[in-house]
Amino acid sequence: MQPKSGANGTAVTEFILLGLVDTPGLLPLVFVLFLFAYLLTVGGNLSILAAILVEPKLHTPMYFFLGNLSVLDIGCITVTVPSMLSRLLSHKRAVPYGACLTQVFFFHLLVGVDCFLLTAMAYDRFLAICRPLTYSTRMSQMVQKILVAVSWACAFTNALTHTVAISTLNFCGPNVINHFYCDLPQLFPLSCSSTQLNELLLFAVGFIMAGTPMALIVTSYAHVAAAVLRIRSVEGRKKAFSTCGSHLTVVAIFYGSGVFNYMRLGSTKLSDKDKAVGIFNTVINPMLNPVIYSLRNPDVQGALWRVITGKRSLT
């Protein structure tokens with residue numbers, strides 16, 4: 001840790017990320033597991049993207065949003081895992097101050113887009129099931145692009161706000177982070193300044209970024225459930241619910257792990273439980289999403305098979 005002059009008086013020039021394990025003998029195993037998870041996640045999401053692009057049946061709003069979600073999953077795991085793998089190879093745990101804040105920015109940017117994109121997907125299901133006659137006009141290609149653009153704009157504002165806010169804090173004491181990536185809950189306890197305003201900002205903006213989308217998702221699916229229950233045929237109900245099951249599973253995992261991660265603000269010591277939640281947020285979630293959507297959707301399965309075998313769709 002060396003002095004660094006600047007407008008915010010920051011003294012810390014780098015942070016030390018302790019990583020996942022302290023035992024040197026386990027480091028090769030951790031490297032192999034996370035490298036495999038990274039390759040599997042990138043490969044799985046690229047396969048979903050390829051299936052959506054080559055299969056005419058998947059050229060619908062729902063799969064347009066799913067393709068964007070796959071891009072986000074690739075980005076989310078790329079923000080955290082490759083840098084961790086490089087530290088394992090080089091046996092260096094130091095991360096420059098600027099690189100740490102850059103990681104915070106991109107992590108919150110991608111997670112923020114994820115929040116709004118999952119909301120757009122819920123709105124799409126609401127229109128498809130509850131407003132089928134006006135679906136094509138209300139969910140036109142222009143509307144789809146606007147929803148994605150607004151998602152990126154809101155998430156960018158959120159990520160920039162938190163990054164600027166934390167850059168105003170002074171870091172002049174401890175610089176050791178008991179984690180494998182930089183995030184706000186890990187940085188707040190290290191600040192020499194009061195983080196009360198930063199934590200209030202995180203909760204306030206978090207209510208807008210996560211609470212509002214979650215309320216919209218619940219409202220959308222409440223209408224969907226009411227509409228489906230009015231369908232007399234069992235087969236019709238099953239088909240309607242099947243289009244929503246994958247999305248609801250992803251929403252439950254995403255918000256469940258996210259809420260647990262940020263509800264522990266104020267804790268002075270980060271435990272192995274926090275690392276496990278971090279792994280869930282940054283590795284397991286992006287890896288599970290293509291599995292969930294492909295396992296529960298025969299159209300995606302068929303498209304993936306045609307991508308692998310090189311066969312063209314007959315439709």
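This report describes the fold, cores, disulfides and aromatic pairs of a predicted protein model.

## Basis of the model

The model is predicted: local features need pLDDT of at least 70, side-chain atom pairs count only at pLDDT 80 or more, and totals for chains, interfaces and linings use all residues. Residues are numbered from 1 along each chain as its sequence is written, and side-chain values use heavy atoms, with hydrogens and water left out.

## Overall make-up

The protein has 10 helices and three strands. Helices (H or I, at least four residues) and strands (E, at least two) are DSSP runs, numbered from the N terminus. Along the sequence, these elements follow the pattern β-α-α-β-α-α-α-β-α-α-α-α-α.

Of the 315 residues in the protein, 44% are buried. Buried means under 20% relative accessible area, exposed over 50%, and partly exposed in between (1.4 Å probe, protein chains only). The accessible surface is about 15700 Å², and carbon and sulfur atoms hold 69% of that surface. Accessible areas come from the Shrake-Rupley method with a 1.4 Å probe; for residues, only the protein chains shown count as cover. Among contacts in the protein with a separation of 6 or more, 78% are between residues 24 or more positions apart. Contact means heavy atoms within 4.5 Å.

## The sheet

The three strands form an open sheet in the order β2-β1-β3, with mixed pairing. Two strands pair if DSSP finds at least two bridges between them. The edge strands, β2 (94-96) and β3, each pair on one side only.

Strand β1 (residues 14-17) and β3 run parallel and are joined by two bridges. I16 has V176 in β3 as its bridge partner.

## Nonpolar cores

The largest nonpolar core has 65 residues, and F34, L66 and L118 touch the most other members. A nonpolar core is a set of buried Ala, Val, Leu, Ile, Met, Phe, Trp, Tyr and Cys residues joined through side-chain atoms within 4.5 Å. The elements that give two or more residues to this core are α1 (27-54), α2 (61-90), α3 (97-130), α5 (141-167), α7 (196-229), α8 (234-262), α9 (272-295) and α10 (298-309). Helix α3 gives the most, with 15 residues.

Leaving aside residues up to four places away in sequence, F34 touches L20, V81, M84, L85, I279 and V283. A second, separate core holds 18 residues, including L17, Y97, V104 and C182.

## Disulfides and other cysteines

The structure holds two disulfides. A disulfide is a pair of cysteine sulfur atoms within 2.5 Å. With bonded cysteines counted along the chain, the pattern is 1-3, 2-4.

Because C172 lies in the loop between α5 and β3 and C192 in the loop between α6 and α7, the pair ties together parts that are 20 residues apart in sequence. With -140° about the S-S bond, the link of C172 and C192 is left-handed. C172 is partly exposed at 41% relative accessibility, and C192 is partly exposed at 40%. As for other cysteines, C76 is buried at 7% relative accessibility, and C130 is buried at 16%.

## Aromatic pairs

A search of the whole structure finds 11 aromatic pairs. Rings of Phe, Tyr and Trp (its six-membered ring) pair if their centres lie within 6.5 Å; planes under 30 degrees apart count as stacked, over 60 as edge-to-face and the rest as tilted. One of the pairs is formed by F254 and Y255, which are edge-to-face at 5.3 Å centre to centre, with 85° between the planes. F254 is buried at a relative accessible area of 14%, and Y255 is buried at 9%.

Ring pairs also link F34, F107, F180 and Y181 into a cluster.
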